[in-house]
Amino acid sequence: MGEYSRFIDWDKMDASIQDQDAKELTSTEFQDLKQLARQGYWAKNHSLRAKVYHKLINDIPCRTVTPDAHVYRDIVVKIAGKRSSNTLPMPEFVDNSLVPTYCLNAEGIGAVRKIISCIASQFPDISFCPALPSVVALLLHYSRDEAECFENVCRILACNDPSKHYIDQTFLAFESSCMTFGDLVNKYCQAAHKLMVAVSEDVLEVYSDWQRWLFGELPMTYFARVFDVFLVEGYKVLYRVALALLKFFHKVRVGQTMESDNVQQDIRAFVRDIAKSVSPEKLLEKAFAIRLFSRKEIQLLQMANEKALQHKGITVKQKSVASPKRQNVHLAVHAENFKSEIVDVKKMRDIWSWIPERFALCQPLLLFTTSEHGCSLSRFYSHCEGHEPILLLIKTTTQEVCGAYLSTDWGERKRGGNKLSFFGTGECFVFRLVPEVERYEWVIIKHPELAAAGSEQANNSSQASDAPDPSDRLSPFLSARHFNLPSKAASMFMAGSSECIIIGGGDGQALYIDADLNHGRTSHCNTFNNQPLCSESFQIAIMEVWGFQDTMCS
């Protein structure tokens, strides 16, 4: 470990990392590296990990002109001068983020500031990068000198492969990644998400910490294991590990009183002390057990979130505003402006916490209500068309309350002519509020008696879904074709005709509403333990449809 020990305080290091098991890297094929990284093949051999990092980083495709070790040696004296490196101011783009010591000695701690200052001079396009201090601090462990560490970090920052993404370097990218993480939590960690909504005024503020959990709070031994896999597999690994951390936090804390009235601080404390409850191996095992979206689907979701933020004009961090993020969930539905005959403000805020983050930026806007517009399906369509997404709320004559989040404009039904038209995306879901609150994940509609008509329409819809979205839409990119649905499926997520509307729900749930908007029924698959959406057959007392009003842009 001699050549890679200059910046390390070995007295503080875990003895298990100090070059146990003299190993060599036997293969450089991607699949082999992927397995070796996940297994921790080089985790207990400091020198081998240094060599692997150097190779992986050296293989990153970069811009033609990427600063290297020679550049660092040329500029470091000019930038750092003769003053103590510990007094060097950190660039604004690190956003006062933690500068972890990771068992570095005094020289190493000072080197972190020097390297970041030099990076700032060479990358003027970086405007927001709070993860950078942790990356620099970790890579100093596996560098012979400051210049080598500088070059390695620069290669990560200068990656020009559009299919790869390592570190967010703008506020827009960072904020959209936080929204994307919130969307993933909403889908893959529903129990934890429910807890966050219950104990936090702003769930996105909690989820905006997700990178800090990894790049700052996570102990060095854990972060290094994550970084091993991250260098091989890319950004998606970070989402996986952060989701796993949240799952473990929920498991440990469920039923317990929070240590403070601030769940954000509680999660940070849990991550810092994670060694008390979870090993690095268990953390990664949990992370890779999550059947996450594909890399392509996550990229599409992130693009949609970036587009929403750009549409709102949220592209840089506002210094004059304490929280530049979207309005918190308790402000997203203004009590003074909200009036519904079905739900109160609290219930609407609960629903708002389930919708995709890019639409949680908006205010609810009443589009249609049977008490004002009458019980007419044609009027329902005319008031809903042109709006995407929408929220459907139903109160029955027996006081049950259920509803659906519908991602696609009802105008899409016209593609089928007079036939029942099937459309929608995988972001659709149904829910109930009374007697108990429960949200059901999407499922394709099952409607055997309409299979003949639906089969033809499903094929048409599938072909139509390949058309690019209009550039002025904020519609979801996650369409049906992204969910590996069978090509012969006679169904999707929403269906509409002049005779009825059908909405596919989750866990076997589906909602059918007749043309008079007075009667409805549900289907429920008995193989699931979930309670039905509402009564199998019901009468509608009132129905409301809410759109999403853009209040920040004219």
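Modeller: This is a predicted model: local features need pLDDT of at least 70, side-chain atom pairs count only at pLDDT 80 or more, and totals for chains, interfaces and linings use all residues. Residues are numbered from 1 along each chain as its sequence is written, and side-chain values use heavy atoms, without hydrogens and water.

Biologist: How many of the 18 residues of α7 are buried?

Modeller: Helices are DSSP runs (H or I, at least four residues), numbered from the N terminus. Buried means under 20% relative accessible area, exposed over 50%, partly exposed in between (1.4 Å probe, protein chains only). Helix α7 is largely enclosed by the rest of the structure, because its buried residues number 17 of the 18.

Biologist: Is D95 buried, exposed or partly exposed?

Modeller: D95 sits in the loop between α3 (69-80) and α4 (106-122). Its phi is positive, near 55 degrees, in a residue other than glycine. Its relative accessibility is 27%, so D95 counts as partly exposed.

Biologist: And C103, buried or exposed?

Modeller: C103 also lies in the loop between α3 and α4. Its phi is positive, about 60 degrees, although C103 is not a glycine. At 18% relative accessibility, C103 counts as buried.

Note on methods. Helices (H or I, at least four residues) and strands (E, at least two) are DSSP runs, numbered from the N terminus.
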